[in-house]
Amino acid sequence: MLEEFDPVIKELVRRITSDGLHEHYLGYMIQNELILLIAQEIKKELIKKIKEAKYYSIILDCTLDSSHQEQMTIIVRYLKLSYNFVTVEESFLGFFNVDDTTEKGLFDITLEELKSLGLEIDDIRGQGYDNGANMKGKHKECKRDF
């Protein structure tokens, strides 16, 4: 699309499509690498904010992806304090493949991920769960006393 308005980009695209240039920044591999690097930096900033807030809540949700693999999302809620304002921030930390959907399996994945992010489990002050019979009920409760 950019080549329509920019002659330099137009020449670059022509060279790439005519096999005159093999190394370029328009390939899927470099784009995926750039996306991964940006995602890592964003996650670092989110973790920094969560640690500044000290206490946080977690929200877990499980669902099947398009290949029928069970995935769990972890979302963290925390307070952002600035001057005279207090706001509630909510940050998505990622998708995690789940092979063991029992309450222990979900707890273990959550614990492992929080540790890898450097978040203290003792600082959790709330838990929320969505879309999972294995996360609620009299005999199958995922909630743990953190």
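## Surface and overall make-up

The accessible surface of the protein chain comes to about 10,800 Å², and carbon and sulfur atoms account for 55% of that area. The model is a predicted one, and of the 146 residues in the protein chain 26% count as buried. When contacts between residues at least 6 apart in sequence are considered, 49% of them join residues at least 24 apart.

The secondary structure of the protein chain consists of three helices and four strands, and these elements follow one another from the N terminus in the order α-α-β-β-β-α-β.

## The sheet

The four strands form an open sheet whose order is β3-β2-β1-β4, with mixed pairing. Its edges are formed by β3, residues 85-97, and by β4, each of which pairs on one side only. On average, and with direction ignored, neighbouring strands of this sheet are turned by 20 degrees against each other. Strands of a sheet pair through backbone hydrogen bonds, in either a parallel or an antiparallel sense.

Strand β2, which covers residues 70-82, pairs with β3 in the antiparallel sense over twelve bridges. Within this pairing, Q71 stands opposite N97 in β3, while V76 stands opposite S91 in β3. The two strands β2 and β3 form a hairpin with two residues between them, and Y83, which lies in the turn, has a positive phi of about 50 degrees.

## Helices against the sheet

Helix α2 lies across β1 (56-64), β2 and β3, and runs at about 55 degrees to β2. Helix α3 also packs on the sheet, where it touches β1, β2, β3 and β4, and its direction makes about 45 degrees with that of β2.

## A nonpolar patch on the surface

On the surface, L34, L37, I38 and I42 form a nonpolar patch, and together they have about 370 Å² of accessible area. One of these residues, L34, has its place in helix α2, which spans residues 28-53. L34 counts as partly exposed because its relative accessibility is 42%, a value that lies between the limits of under 20% for buried and over 50% for exposed.

## Salt bridges

Side chains of opposite charge can pair when their charged atoms come close. The count for this model comes to four salt bridges, and three of these pairs are described below.

K54 forms a salt bridge with D123, in which the closest N and O atoms are 3.2 Å apart. Because K54 lies in the loop between α2 and β1 and D123 in the loop between α3 and β4, the pair ties together parts that are 69 residues apart in sequence. As for the cover around the two partners, K54 is partly exposed, with a relative accessible area of 41%, whereas D123 counts as buried at 10% relative accessibility. The loop that holds D123 runs between α3 (103-116) and β4 (124-130), and, leaving aside neighbours within four places in sequence, D123 is in contact with K54, Y55 and Y56.

A further salt bridge joins the side chains of E90 and R77, with an N to O distance of 2.5 Å. This pair links distant parts of the chain, since E90 is in strand β3 and R77 in strand β2, 13 residues apart. Both partners are described as partly exposed, E90 with a relative accessible area of 45% and R77 with a relative accessible area of 41%.

The side chains of D108 and K104 also meet in a salt bridge, at 2.8 Å from N to O. Here D108 and K104 both lie in helix α3, four residues apart, which is about one turn of the helix. D108 counts as partly exposed at 32% relative accessibility, and K104 likewise counts as partly exposed at 48% relative accessibility.

Key:
Residues numbered from 1 in each chain as written. Predicted model: local features only at pLDDT ≥ 70, side-chain atom pairs only at ≥ 80, totals over all residues. Heavy atoms only, no water. Patch = residues over 30% accessible without salt bridge, like charges linked within 9 Å, V, L, I, M, F, W, Y side chains within 5 Å. Areas by Shrake-Rupley, 256 points an atom, 1.4 Å probe, with all protein chains shown as cover. Buried < 20%, exposed > 50% of the residue type's maximum accessible area, 1.4 Å probe, protein only. Contact = heavy atoms within 4.5 Å. Pairing = 2+ DSSP bridges. Axes fitted to C-alpha atoms, helices over the stretch in contact; angles between N-to-C directions.
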